[in-house]
Amino acid sequence: MLRVLTVFLALCVAPQMANAQAFWIDYGWKVEPQNEKRFAATFAKFRATDTFKKFNGKIWFNVNVADGTDPATHSFATVYESLEDFERLSAELAVSEDWTKFRRGLAAAAELVSTASYMHVKGWGEHPKDKSAFIGQVIQVSNPVGYMGALTKMMDESYMDELPGALDVWQILAGGPPGATHLVVFGYDRFSEGSNFTNKMSSNPQFVGSMMGLGKFRTTLGSVWTSSPAKFGPSQLSGMR
């Protein structure tokens with residue numbers, strides 16, 4: 001019941017808070033080491049098709065660095081400007097032979113172990129499309145309005161000007177860890193940037209106070225580290241900034 005109520009509240013407030021309703025669907029794959037080249041080659045072959053050329057979003061090809069018990073080793077983080085763009089392309093893919101061959105090739109090289117969908121709520125800092133090291137903080141939000149209000153107030157503080165990368169809040173629409181309602185994604189050039197920033201801010205009383213304030217509205221359930229060696233697609237995702 002808590003999950004249903006929280007998601008309902010998030011759906012009610014997200015349109016008022018979002019810069020744009022970018023939509024993200026994530027496909028998690030378990031790829032054995034001996035199949036990694038075959039897996040990558042299948043994707044490369046699909047990118048050369050006319051079907052892929054119709055794609056107008058952005059795809060991050062991710063390698064999972066640390067993700068707890070999640071069996072996925074790789075993922076395709078596929079982001080569209082809107083849910084409508086995703087629906088339009090999905091209808092075209094349903095009758096595409098290229099898409100059918102692509103899925104068969106992936107299934108022969110790996111195992112699809114998870115899918116999840118997200119809606120963008122709000123973001124700060126540099127654009128995530130330019131980043132390659134991502135830390136995802138999985139959270140359960142009890143009060144979306146209170147949480148976003150506290151986070152926005154924190155991000156408006158001058159000390160947050162030192163944030164070395166991007167911070168984006170995504171609402172979980174479907175899938176994801178049990179009990180999770182949102183995913184906060186930090187994008188950096190290197191993981192050490194985020195670690196060094198957090199270590200420095202840990203001695204800043206204002207930062208510590210703001211973090212405690214966020215704790216009134218959210219519970220952290222876990223975190224995921226992913227590295228993105230390649231990105232594809234024409235979209236600049238301008239609505240996210």
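# Exercises on helix packing and buried residues

In this predicted model, the backbone oxygen of Leu 237 lies 2.8 Å from a polar atom of the His 127 side chain. The exercises start from that pair.

## Exercise 1. The surroundings of His 127

Determine where His 127 lies, whether it is buried or exposed, and which residues it contacts beyond its sequence neighbours.

Solution. 

1. Location: His 127 is in the loop that joins strand S4 (111–125) and strand S5 (133–141).
2. Accessibility: the relative accessibility of His 127 is 12%, and the cut-off for buried is under 20%, so His 127 counts as buried.
3. Contacts: with neighbours within four places in sequence set aside, His 127 touches Ala 166, Gln 236, Leu 237, Ser 238, Met 240 and Arg 241. Leu 237 is also the residue whose backbone oxygen lies 2.8 Å from a polar side-chain atom of His 127.
4. Separation: between His 127 and Gly 187 there are 60 residues in sequence and 8.3 Å in space, C-alpha to C-alpha.

## Exercise 2. The packing of H6 and H8

Classify the relative direction of helices H6 and H8, and list the residues that form their contact.

Solution. 

1. Geometry: two packed helices are described by the angle between their axes and the distance between the axes. For H6 (residues 144–155) and H8 (residues 205–214), the angle is about 170° and the axes are 9 Å apart.
2. Classification: angles over 145 degrees count as roughly antiparallel; H6 and H8 are therefore roughly antiparallel to each other.
3. Residues: H6 contributes Tyr 147, Ala 150, Leu 151 and Met 154, while H8 contributes Phe 207, Ser 210, Met 211 and Leu 214.
4. Composition: seven residues of this contact are nonpolar, one is polar and none is charged.

## Exercise 3. The two sides of H8

Find which residues of H8 are buried, how they are arranged around the axis, and what they pack against.

Solution. 

1. Buried set: Phe 207, Ser 210, Gly 213 and Leu 214.
2. Arrangement: viewed down the axis of H8, the buried residues fall within an arc of 120°, so they line one face of the helix. An α-helix has 3.6 residues a turn, so residues three or four places apart point the same way.
3. Partners: the buried residues of H8 pack against H6, helix H7 (191–201) and strand S8 (218–232).
4. Opposite face: the exposed residues Pro 205 and Met 212 sit on the face of H8 turned away from its buried side.
5. Helix start: a side-chain oxygen of Asn 204 comes to within 2.8 Å of the backbone nitrogen of Gln 206.

Methods. Residues are numbered from 1 along each chain as its sequence is written. This is a predicted model: local features need pLDDT of at least 70, side-chain atom pairs count only at pLDDT 80 or more; totals for chains, interfaces and linings use all residues. Side-chain values use heavy atoms; hydrogens and water are left out. Axes are lines fitted to C-alpha atoms, for helices over the stretch in contact, and angles run from 0 to 180 degrees between N-to-C directions. Helices (H or I, at least four residues) and strands (E, at least two) are DSSP runs, numbered from the N terminus. Angles under 35 degrees count as roughly parallel, over 145 as roughly antiparallel, 65 to 115 as roughly perpendicular and the rest as oblique. Contact means heavy atoms within 4.5 Å. Ala, Val, Leu, Ile, Met, Phe, Trp, Tyr, Cys and Pro count as nonpolar, Asp, Glu, Lys and Arg as charged, and the others, Gly among them, as polar. Buried means under 20% relative accessible area, exposed over 50%, partly exposed in between (1.4 Å probe, protein chains only). The arc is that of the directions from the helix axis to the C-beta atoms. A polar contact is a pair of N or O atoms within 3.5 Å; within protein, one must be able to donate a hydrogen and the other to accept it, and residues adjacent in sequence count only if both atoms are side-chain atoms.
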